[in-house]
Amino acid sequence: MSSINKSTLIFPSETEIPPLVKIETPIHQTEYLINGVLHNWSGDKQEVFSPISVRDNQVLSPKLIGSYPLLTEKESLAALTAASEAYNHGQGKWPTMSVIDRIKHLEIFIGHMQEQKASVVNLLMWEIAKTYPDAEKEFDRTVAYIKDTIEALKDLDRSNSRFSIEEGIIGQIRRAPLGVVLCMGPYNYPLNETFTTLIPALIMGNTVIFKPPKLGVLLHQPLLTAFQKSFPPGVVNTVYGEGKTVVSPLMQSGKIDVLAFIGSSHVADILKRQHPYPHRLRCILGLEAKNPAIILSDADLDNAVKECVLGSLSYNGQRCTALKIIFAHKNIVSQFLERFTQAVNKLKIGMPWEPNVSITPLPEPNKTDYLLGLVEDSIKHGAKVVNEGGGTVNETLFSPAVLYPVNEKMKVYQEEQFGPIVPVVAFEEIEEVIDYIVKSNYGQQVSIFGNDSEVIARLIDVLVNQVCRVNINSQCQRGPDKFPFTGRKDSAEATLSVSDALRAFSIRALVATKENDVNKTIVKKILLEHYSNFLNTDFIF
Ligand code: G3H
């Protein structure tokens with residue numbers, strides 16, 4: 001049974017915070033970017049407290065790390081006007097710019113962004129308690145994503161720079177932007193997942209309004225000047241504040257052409273319904289998941305344990321791709337649990353900057369209460385916390401709890417816990433697991449652990465029609481970013497990968513003409529004189 005352990009020593013005193021990560025004075029952000037201008041906000045602000053408490057004698061207090069503007073409907077609509085005017089019904093400077101020139105703006109942005117790495121990484125640690133290596137990885141992965149996006153667009157442009165002739169009609173088919181994009185990322189990857197929609201949206205010629213997630217706001221502040229310096233006015237605009245105040249008016253205006261949202265399906269549904277012309281709204285959504293791991297009786301348990309620990313508990317299990325339930329065959333479940341709990345108990349709990357730390361404070365308010373509730377509900381229905389000390393709460397820290405035997409009566413059997421709880425179910429026949437996956441509301445990924453190619457192959461053929469990625473002897477994950485990332489049912493809408501995202505944020509548009517001398521002469525002159533940014537055969541090197 002979980003207990004409350006008020007050991008405060010795990011949290012630092014001010015003097016124990018390493019100088020390199022220390023926030024000497026809180027960051028009180030007043031700026032917001034609209035129409036290329038960094039405005040100064042003097043209205044209401046939201047204070048930002050870190051999930052990392054600081055100890056003074058034996059008293060822990062949440063550390064105030066800054067504040068950000070709570071904008072109103074007025075500023076939000078000003079951002080919309082700026083984005084709409086910059087797009088100007090597809091006639092603006094940005095949507096009509098040549099691909100190579102848009103790429104140049106992105107390259108300038110990368111340079112400015114890289115100058116801010118240290119500040120962004122530090123704020124990732126303080127705002128959402130991501131470990132230093134993971135925070136650094138999130139930053140570097142995002143920069144790599146932008147560079148890969150540029151290369152993917154060059155490739156796309158190269159293959160689109162030729163003409164096709166079909167049934168006496170000459171055509172050139174390219175991809176054109178869609179309009180104004182609203183980008184909203186999640187708190188667990190506030191930089192990366194916001195940018196994996198924002199960057200492809202921009203590079204395809206759309207204009208953007210972006211709202212950072214509720215947690216993980218300040219880390220975007222060092223990048224505001226980078227956006228301002230790199231893009232024409234109105235191409236990138238930011239809004240901050242309560243969703244109801246700043247997001248609803250945007251959706252209700254009917255002027256958002258694309259909603260790129262990573263978060264819960266509940267919120268996604270509300271936003272979609274607010275749009276007066278749903279047929280005009282394209283949605284690119286990354287939502288919840290409950291990815292299962294299936295440990296077959298012949299699995300290499302050392303590997304299964306290693307991958308399941310990573311898969312279920314990296315960043316405290318706060319990944320949409322995390323393994324959120326483990327089905328282990330009844331013949332090996334005891335062995336698996338013994339090794340798995342040993343490995344879980346070796347995970348170091350501490351502050352995000354500590355070397356080799358794995359489990360860090362949870363940023364969501366009242367998250368430990370929610371997780372304790374799940375544990376208690378499971379215990380009520382017959383499960384136990386099978387690892388020593390599992391489910392212990394210390395302020396915002398929750399030590400990983402391995403629950404066994406989990407059954408369908410427990411909330412954690414269906415609910416996405418998004419935290420350090422690992423439910424384990426024993427199965428006898430594989431049909432029991434398939435039935436769970438078929439009935440699940442989610443359909444993102446699955447991991448199969450086993451050795452028999454024939455058995456694995458039969459499972460693959462069933463599971464690829466249930467989820468969108470089947471991992472063999474490996475944890476579930478989004479990367480490599482060139483692979484498609486999507487899901488079925490309540491898990492996603494549209495596909496993201498470096499190249500798929502370019503398609504998601506654009507539409508095919510073509511120029512066509514009947515093949516006769518007059519038309520050929522007109523087209524040739526347009527090409528020779530470089531009259532058009534769209535109709536051209538330039539090859540981007
Ligand atoms: O939260 C969902 C992320 O897209 C997961 O990405 O699998 O690379 O951690 P990851």
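User: Into which domains is the protein divided?

Analyst: The protein is divided into domain 1 (25–286) and domain 2 (291–482), with bounds from an automatic or database domain assignment. This is a predicted model: local features need pLDDT of at least 70, side-chain atom pairs count only at pLDDT 80 or more, and totals for chains, interfaces and linings use all residues. Residues are numbered from 1 along each chain as its sequence is written, and side-chain values use heavy atoms, leaving out hydrogens and water.

User: How far apart are the C-alpha centres of domain 1 and domain 2, and how many residues does the contact take from each domain?

Analyst: The centres lie 32 Å apart. The contact (heavy atoms within 4.5 Å) takes 21 residues from domain 1 and 22 residues from domain 2.

User: Why is the ligand said to lie between domain 1 and domain 2?

Analyst: Both domains give residues to its shell, so the ligand lies between them. The surrounding residues (a heavy atom within 4 Å) include Arg 141, Glu 193, Cys 320 and Phe 485. By class, the shell has four charged, three polar and three nonpolar residues.

User: How much of the ligand does the protein bury?

Analyst: Of the 300 Å² exposed by the ligand alone, the protein buries 94% (Shrake-Rupley method, 1.4 Å probe).

Note on methods
Nonpolar A, V, L, I, M, F, W, Y, C, P; charged D, E, K, R; others polar.
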